[in-house]
Amino acid sequence: MNVYISPNDLEAVVEADRAHVWHHLVQHAPWTGDAPKGDPRIIVEGKGLRVWDQHGKEHIDAVAGGVWTVNVGYGRESIADAVREQILRMNFFGGTVGSIPGAQFAEKLMTKMPGMTRLYYANSGSEANEKAFKIVRQIAHKRYGGKKHKVLYRDRDYHGSTLATMSAGGQDERNAQYGPFAPGFVRVPHCMEYRKHEQDGAPVENYGEWAADQIEKVILAEGPDTVGALCLEPVTAGGGVITPPEGYWPRVQEICKKYDILLHIDEVVCGMGRTGTWFGYQNYDVQPDIVTMAKGVASGYAAISCCVTTEAVFDMFRDDSSDPLNYFRDISTFGGCTAGPAAALENMRILEDEGLLQNTLDMGARLIANLNAMAEKHAVIGDVRGAGLFCGAELVADRGSKDPVAEAMVGAVVADCNQQGVIIGATNRSVPGRNNTLCFSPPLIATADDIDAITDAVDGALGRVFG
Ligand SMILES: Cc1ncc(COP(=O)(O)O)c(C=O)c1O
């Protein structure tokens, strides 16, 4: 670690943090009060896929900044340079006008998304999804007298932390205590083959088609003329790293076409290479109408999110310029920041020039192979799944019943890895009684040695926690 702040100053930072910062997703009680147990963690520096904390301890980051974000790794000078140059020249102007990096990134992005043409800038995944929901609602009002306004979302999926995105939230533990939610959002069943025994009527064969057909049942029950869009993650992230079963996506596409329902794919986690393709949906030969993305778009070097649509969707907002309400009357102040698209352009160049999509496929295969090999040794691993460098290992008390292990044990595995200097993740306050999946999503620059170091740490941790 290149210490640029003295140990005394760092102590002051920890105390300032303890006293004043409200951390995300964390219970503060242990760090606060009269007899605090331990300190909040401060990450001081990062380089490649390693980060250093306030004690100078080095960690391998197997979760890309904790939340699937830092795809090209830490300490990228070329992104810092691109952002610096851009913000000195022109840092911000509201999004009613364009910017040089905004136009250039949009053009470049569309070369990776055949069929998509328009990009609306915002600054978080939740916000991009809100834009998509508003587009669907406005189309309902413009075209269908307000009737075709419902958005379908899936059990176990997550689309953000704002109230509308939580209304489309399929993770009941995350939603608990934040209701009531907005009307017009309707849940469809999950497509998790490993847990199909928990779904009434799920077949042994052709589960993927059956799971998609459950969506059609919901559409028919709601009335197809009331359903405007279906919003899905390509691979469910925080709900358990759920890869879609064979046959699922083609049937989903068919159903959307049949009932004239817009397909909105939430690529906030999978977008920008995480699964080894530019976008997760491109693994499944499906054509969306709306795609949202955020985390990996600029690898966390600047806040940026995008709501991307087809020209057909865009056209619906310019068909009658005599009507003063006919266009998309939405703004995101910080969607006008130029740091986001400047960082995103350079981020994309790095992904291309360093061959990181291929590396993601190669290292993802190695990670899955290592986890599968470990499953032969540790019966607690019930299922290994993933796409590219987006992998999960579900821990069960018994492989026959698939009963999950206690959450505290999952936490103990994560803590043991931490102790060894490897930061891994686990599904967290997500699905009640089902927060039992270890999550791995290192930066896409990971080498074979890094992958082996991550799985060696997990191997040791499983041995210590479960024997
Ligand atoms: C699939 C998915 N969509 C949307 C979001 C929300 O993104 P943000 O936290 O940037 O609002 C997340 C965040 O984890 C996510 O995993």
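Select Val51: its bridge partner in strand E3 is His59. Strands here are DSSP runs of E, at least two residues long, and helices are runs of H or I, at least four long, both numbered from the N terminus. Residues are numbered from 1 along each chain as its sequence is written. The model is predicted: local features need pLDDT of at least 70, side-chain atom pairs count only at pLDDT 80 or more, and totals for chains, interfaces and linings use all residues.

Pairing requires at least two DSSP bridges between the strands. The four strands make an open sheet, ordered E1-E2-E3-E13, with mixed pairing. E1 (43–47) and E13 (422–423) are the edges; each has a single partner strand, so one side of each has no neighbour in the sheet.

**Strand E4**

Go to strand E4 (residues 118–122). Four of its five residues are buried, meaning that 20 or more other C-beta atoms, placed from the backbone, lie within 10 Å of the residue's own. Pick Leu119 and find its bridge partner in E10, Val308.

**Helix H8**

Move to helix H8 (residues 207–222). Its 16 residues should span 22 Å at 1.5 Å a residue, and its end C-alpha atoms are 23 Å apart, which agrees. That expected span is 1.5 Å times one less than the number of residues. Show Trp210, Ala211, Ala212, Ile215 and Ile219, which are buried. Their cover includes strands E5 (150–154), E6 (185–188) and E7 (227–232), and helix H9 (248–258). Just after H8, click Gly223, with a positive phi of about 100°.

**Zoom out**

Show everything: 14 helices and 15 strands. The C-alpha trace spans about 65 × 60 × 50 Å along its principal axes. Of the 467 residues, 47% count as buried. Among contacts (C-beta atoms, placed from the backbone, within 7 Å) between residues at least 6 apart in sequence, 72% join residues at least 24 apart.

Terms used: A residue is buried if 20 or more other C-beta atoms lie within 10 Å of its own, exposed if 12 or fewer, and partly exposed in between; C-beta atoms are placed from the backbone. Two residues are in contact if their C-beta atoms, placed from the backbone, lie within 7 Å.
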